[in-house]
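Open the model in your viewer and keep the selection tool ready. The tour goes stop by stop.

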Amino acid sequence: MDYDKIRGSVEPVDQASAPQESSQAPANPVEQLKSRFPKLLQEIGIISSFSAVIGPIVYSLTVRKTAWRISHACARFLQWDIPSKAELSIIPPYHITLIIRSLISSFCLLLLWRGSNLAFSVYVAQEPVKRGQPLTQDSSDPNGSLINGLRSRKSLVRAFAFWELAKISQSFPQRRISIFKDIDCPGGPAWSQISSECLKMIQGIHTRILEYSSPSTQQQQQLLKNPDQLQSLPRMGIPPKEEAVVLQPPAPSNKRELVESKVGSFAKSVGNNPASGNGSPVVQKSKYYLEQARTKLLSPEQQQAVSLAHVQSTFNTYLTRSLRSGFGQPFRQTFARRVRSIAFGQPFSECVTIVDAIDALTRMATASIHEDDYGKVAKDIPTIVQTFITTHQSLENLIVGPLLQPHWTDVEFQESRREEVRDVQVTLDALRHGLGELMNAFGAFAPEIGLEGKDVRAAEMIAGKKEKRTEMMEGIE
């Protein structure tokens, strides 16, 4: 289980139902702890009971003797009054005091670990809102602080900055208006910088997929599989001589040296020219006797059992069973895991941040019709729509096309469930939502803002697809 997951929430992009003010306060962390603490105690009790049964045996057989030797050596070093030949007392593994100590110790240790982790997860997962306003509202330069967070190299800081931007785009119209009007922000207008960071985050999907499918990568993999195809540099020197370049050994002077010379010459000839060795009478006769011995000593069933094909089949069967078990689960390279690493980066997926960027751009763009007095946003609508279309097509091609095939360790892969990658479906649904909202808001005057007909048709086709939006954002990994 993933105990480090921070659970958050991503709300669908629906401008009609989205609240215009922050009317709902974040859930109280204390109430969350009260609701989740009983289940935590139940899990700790089960694990502690199991530890109380297994722990005393492990302690008596392994830990107790080692701990006694270390403690005795330390006591002698400190010149305590302990006999040098003091022996360890004998205590049965299931002594009542040992069981009670094991139960209490494991319960307290697990309560400390799991309780502190739960408290941290609950408090860190609180929305980036303070006293009903965004966190950066108290800053001397709210928009500049928000932009710095979007550009942060720390993934956690960047994730919370995009989360705050998504909340601003949904629930804080005054803050949206301030972003549209802030044209004197250091580095350019605030909207231009924010939209640039959001587009960069979304375009990262297409960039990573393109890097994975680039011809150079495939050629390198093919060359690694077939090293004979590697082209070496042209030979500049004289080719090596074919004849023997080693000095001839001295002639044998007695029978022993003569026998050694004959045997050595035969061995060298077989090693240097295997084909001639296989055709020699000695080798053929040896193979004949081995085959006769195998036929007389082993039955047909036994010969089949020791055959190379049967051994490989048996090995593959046990390997598949081990991969299907819980022990082999960490070694499986599942299709969903490989898709997430390619599309959303590694070692940590940025799916949450990307969805926040998509939702923030969509809400800000649709709200700009009534709130952007300078008309800055309208000029960026074609770029936003094209980015959404390209990203959607790249993700679909990754999971449906022949670019990515299941790994041999993915023993539970099913071709019919190829598209059921949760993070991909969440992102695709966010893109469909976004394109639908943008077409509803700007489709009527697409030529005036620079939207081409092919982009409009592609956006309407994507937005009209059936959505597969699941319960979103179980957490930030």
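Contact here means heavy atoms within 4.5 Å. With that in hand, select helix α3, residues 142-150. Its buried residues pack against α4 (155-171), α5 and α6 (190-212). Color the buried ones: Asn143, Gly144, Leu146, Ile147, Gly149 and Leu150. An α-helix has 3.6 residues a turn, so residues three or four places apart point the same way. Remember as you go that this is a predicted model.

**The whole protein**

Zoom out. The protein has 477 residues, and 34% of them are buried. Switch to cartoon view to find 18 helices and two strands. How far apart in sequence are the residues that touch? Among contacts between residues at least 6 apart, 79% join residues at least 24 apart.

**Threonine 136**

Select threonine 136, in the loop between β2 (133-134) and α3 (142-150). Is threonine 136 buried or exposed? Its relative accessibility is 12%, so threonine 136 counts as buried, because buried means under 20%. Show what surrounds it. Leaving out residues up to four places away in sequence, threonine 136 touches Pro142, Ser145, Leu146, Glu164 and Arg175. Of these, Leu146 is among the buried residues of α3. Next, draw a distance from threonine 136 to glycine 149. Their C-alpha atoms are separated by 9.6 Å, and the two residues are 13 apart along the chain.

**Arginine 176**

Move to helix α5, residues 173-181, and pick arginine 176. This arginine has a relative accessible area of 3%, so it is buried.

**Salt bridges**

The count of salt bridges comes to 16. Start with lysine 167 and glutamate 127, whose side chains meet at 3.5 Å, N to O. This pair links distant parts of the chain, 40 residues apart. Lysine 167 sits in helix α4, while glutamate 127 sits in the loop between α2 (96-124) and β1 (129-130). Both lysine 167 and glutamate 127 are buried.

Select lysine 130 and aspartate 138 next. Their side chains form a salt bridge at 4.0 Å, N to O. Lysine 130 counts as partly exposed, at 41% relative accessibility. Aspartate 138 counts as exposed, at 51%.

Now jump to lysine 454 and glutamate 452. They meet in a salt bridge at 3.9 Å, N to O. Lysine 454 is exposed at 54% relative accessibility, and glutamate 452 is partly exposed at 41%.

**The nonpolar core**

Last stop. The largest nonpolar core has 62 residues. Which residues have the most contacts inside it? Select Ile381, Val385 and Phe388 to see them. Then highlight helix α16, residues 422-442, which gives the most to this core, with 10 residues.

Finish on valine 385 and show its contacts. Leaving aside neighbours within four places in sequence, valine 385 is in contact with Leu435, Leu438, Met439, Leu451, Asp455 and Ala459.

How values were computed. Residues numbered from 1 in each chain as written. Predicted model: local features only at pLDDT ≥ 70, side-chain atom pairs only at ≥ 80, totals over all residues. Heavy atoms only, no water. Core = buried A, V, L, I, M, F, W, Y, C linked by side-chain atoms within 4.5 Å. Buried < 20%, exposed > 50% of the residue type's maximum accessible area, 1.4 Å probe, protein only. Helix = DSSP H or I, 4+ residues; strand = E, 2+ residues; numbered from the N terminus.
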